[in-house]
Amino acid sequence: MVISRLAAVTREPRTEFIPLLAAQGRILGQDILSDRDYPPFDRSIRDGYAVRAADTHSGATLRCIGELKAGDTPSTTIQPGTCIQIMTGAALASGADAVIMIEHTQRNADMVTLDRAVQPGQHVVPRGSEQPANKTVLTKGTRLGFAQIAAAAQVGAAQLAVYRKPRITILSTGDEVVDFTATPGPFQIRNSNSASLAAQVAALHAEPVPLGNAKDTHQDLRAKIATGLQADALILSGGVSAGKYDLVEPVLREFGAEFIFADVAIRPGKPVVFALCQGKPVFGLPGNPVSTMVTFELFARIAIELLSGTEPTPLPCLEAILTERMQEKPGLTHFLPALLECGRPAAAFPSSGLPTADQREPSSRQASVQVGDPQPPRVTPLPWQGSGDITAMSRANCLLVIPPDRETIKAGERVQVILRGL
Ligand code: AMP
Ligand code: MG
């Protein structure tokens, strides 16, 4: 719903030129083309000998006519019955069409004996096969993570156009709320929502614009919402429940807001509000701090990604084994702070540890470490006092999802877990 309504009102953001290494996390505002073929030459991907595949069989002996290391210009042609020593990353010599790994050969002076045949093309990545010249490497709207930065660096895009960051105003509400730098009175609380929201906005590489806190009065809310609507989007926290002083919705209505939803069957965060106001997305997130954090991730994040010029990324979900029995009220989807532990990570060392000295090969190189079978992760809900419990949330590394049709879930059952942002 957020996506379809916002797609209609969002325009392509303006761009700015920045150096590649400053572009981490930003959204590409241009297509990036390859400046030449990749690889730029037929590249050996093994250390060994460049051969004519037709010359190879178990027991074949070839005469080695030289060597090619990465960066060398190949100048000799491989004739029948000959080969050339080649290193990983070097260009294949003309006449050769495959590489046999050094491990599968025996060298005696300039003669090389093979212990097997190789197929044409084996251990060679042909010129242009990863990326032909003048083709799109990265498309406009892509978020630049480390792999995309490598792809841009490979083709020499030292400066590139990225979309300007959308400015997101953040306004908390509540007579009891004081700035987090202040000392609260006995019945006041520090403004943690503006802090978590600023961090969540910044994590999306958008620009948080904190507007402080509005008192629970029409007048103060009206003035601060008017300021908030000057940005690309406004996120409020608090003041959206059914209490006498929950004034966010009536004040937004005064600004002509069109409400897309004002209640969602989730916990925490049920009273979350999404509206379009003067063409701008406005989110009224419930004030309980965990509700604020969760509803930002579920709803506001999507709007910020769209305003940033990129497609919303799906929530990173995975399945885990629940370690203890749970009981929750049916009819609502629950998002509970929880701890996810790896069963056995795919890249772990084997339980037997590294090879001992006498297990090691006589050469100076150690045997490769074997990797055990990955086990499914396990998830344990954290004890918590409900949606005001910031401490529990700060100890969580995931949100455990309980679907609305489940009242009890037994230990050992598989459940969904969201990894986003924690
Ligand atoms: P509300 O949604 O305004 O009814 O607030 C629900 C609960 O969240 C109340 O206990 C508030 O005191 C608390 N709360 C509201 N705003 C904030 C904030 N900015 N920071 C921390 N807690 C808040
Ligand atoms: Mg309030």
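Guide: Helices (H or I, at least four residues) and strands (E, at least two) are DSSP runs, numbered from the N terminus. Just after α6, Gly 309 has a positive phi of about 95°. The model is predicted, so local features need pLDDT of at least 70, side-chain atom pairs count only at pLDDT 80 or more, and totals for chains, interfaces and linings use all residues. Residues are numbered from 1 along each chain as its sequence is written.

Visitor: What makes helix α6 kinked?

Guide: A bend is the angle between axes fitted to the seven residues ending at a residue and the seven starting there. In α6 (residues 289-308) that angle is about 50°, centred on Phe 296.

Visitor: Why is α6 called mostly covered?

Guide: Buried means under 20% relative accessible area, exposed over 50%, partly exposed in between (1.4 Å probe, protein chains only). In α6, 20 of 20 residues are buried.

Visitor: How do you know that the buried residues of α4 are on the same side?

Guide: In α4 (residues 218-228), Asp 220, Leu 221, Ile 225 and Gly 228 are buried. The arc uses the directions from the helix axis to the C-beta atoms. Theirs covers only 120°, so they lie on the same side of α4.

Visitor: What makes a set of residues a nonpolar core?

Guide: Its members are buried Ala, Val, Leu, Ile, Met, Phe, Trp, Tyr and Cys residues, joined through side-chain atoms within 4.5 Å. The largest one has 37 residues; Val 2, Ile 235, Phe 283, Phe 296 and Phe 299 touch the most other members. Its largest share, twelve residues, comes from α6. Apart from it lies another core of 18 residues, among them Leu 221 and Ile 225.

Notes. Chains are lettered from A and ligands numbered from 1 in the order in which they are written. Side-chain values use heavy atoms; hydrogens and water are left out.
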